[in-house]
Amino acid sequence: MSKLRISQIINESIVDGPGIRTVIFVQGCPHKCKGCHNSQTHGFYGGYYLEISEIIEIITKNKLVEGITFSGGEPFCQANEILEISKILKKMKYHITIYSGYTFEELINMGNNVIKILKNCNLLIDGKYDETLRDLTLKFRGSKNQRIIDVQKSLSKGRVFIYD
């Protein structure tokens, strides 16, 4: 199995997607959004490597966890590893949410592995964080330009569907 470069793992969160979730903060981000809440994840050489099998073990150990969130950093910068983990988690029936500075439209044009990840994913919070559009009342996101996308419905219908 592969290794994923991460910044940290939060075992229980209720603010990074629906239900109780494990949040995996990947290390490395090309966007470097001004005012980013996770600026410690920007450097591609920071953080540490963790075997995918160890990550799966951490997730499955907590029986309260219903879902997994990949945040960052930019998860799609480690597409091969995220694909490997997301396949396993989907088979285990976990709800998968991914935060990305890329838009849904940009992601579907990035190629095969990215589309395969999206096929394993339930929700995508897309778009770069924009400090000028900050809104702390928004559910699961920090700025008004970011969208919560129902990925499966969007892929099947060929257009973006916003999650309620």
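Trainee: How many bridges join strand 2 to strand 4, and what makes these strands count as a pair?

Mentor: Strand 2 and strand 4 run parallel and are joined by 5 bridges. Two strands pair if DSSP finds at least two bridges between them, so these strands qualify as a pair. Thr22 stands opposite Ile68 of strand 4. Please note that this is a predicted model, in which local features need pLDDT of at least 70 and side-chain atom pairs count only at pLDDT 80 or more, whereas totals for chains, interfaces and linings use all residues. Residues are numbered from 1 along each chain as its sequence is written, and side-chain values use heavy atoms, with hydrogens and water left out.

Trainee: Why is the stretch of residues 67-71 called a strand?

Mentor: Strands are DSSP runs of E with at least two residues, helices are runs of H or I with at least four residues, and both are numbered from the N terminus. Strand 4 covers residues 67-71. Strand 4 also pairs with strand 5 (residues 95-99) in the parallel sense over 4 bridges, where Thr69 has Thr97 as its bridge partner.

Trainee: What makes the unit of strand 4, helix 2 and strand 5 right-handed?

Mentor: A crossover is right-handed if, with the strands pointing away from the viewer, the path from the first strand over the helix to the second runs clockwise. Strand 4, helix 2 (residues 79-91) and strand 5 form a β-α-β unit of that hand.

Trainee: Is strand 4 mostly covered or uncovered, and how do you know?

Mentor: Strand 4 is mostly covered, as 5 of its 5 residues are buried. The term buried means under 20% relative accessible area, exposed means over 50%, and partly exposed lies in between (1.4 Å probe, protein chains only). In a regular strand the side chains alternate between the two faces of the sheet. On one side of strand 4 lie Gly67, Thr69 and Ser71, on the other Ile68 and Phe70, and all are buried.

Trainee: What is the order of the strands in the sheet, and which are the edge strands?

Mentor: The open sheet has 7 strands in the order 3-1-2-4-5-6-7, with mixed pairing. Strand 3 and strand 7 are the edge strands, since each pairs on one side only. Strand 1 and strand 3 run antiparallel and are joined by 4 bridges; there Leu4 has Leu50 as its bridge partner.

Trainee: Why is the contact of Glu51 with Lys3 called a salt bridge?

Mentor: A salt bridge is a side-chain nitrogen of Lys or Arg within 4 Å of a carboxyl oxygen of Asp or Glu. The closest N and O atoms of Glu51 and Lys3 are 4.0 Å apart, so the pair meets the criterion. Because Glu51 lies in strand 3 (residues 48-51) and Lys3 in strand 1 (residues 3-13), the pair ties together parts that are 48 residues apart in sequence. Glu51 is partly exposed at 25% relative accessibility, and Lys3 is partly exposed at 43%.

Trainee: How many salt bridges does the structure hold, and which network do shared partners form?

Mentor: The structure holds 4 salt bridges. One of them joins Asp126 to Arg147 at 2.6 Å, N to O. This pair links strand 6 with strand 7, across 21 residues. Salt bridges with shared partners join Glu105, Asp126 and Arg147 into one network. Asp126 has a relative accessible area of 0% and therefore counts as buried, whereas Arg147, at 23%, is partly exposed.
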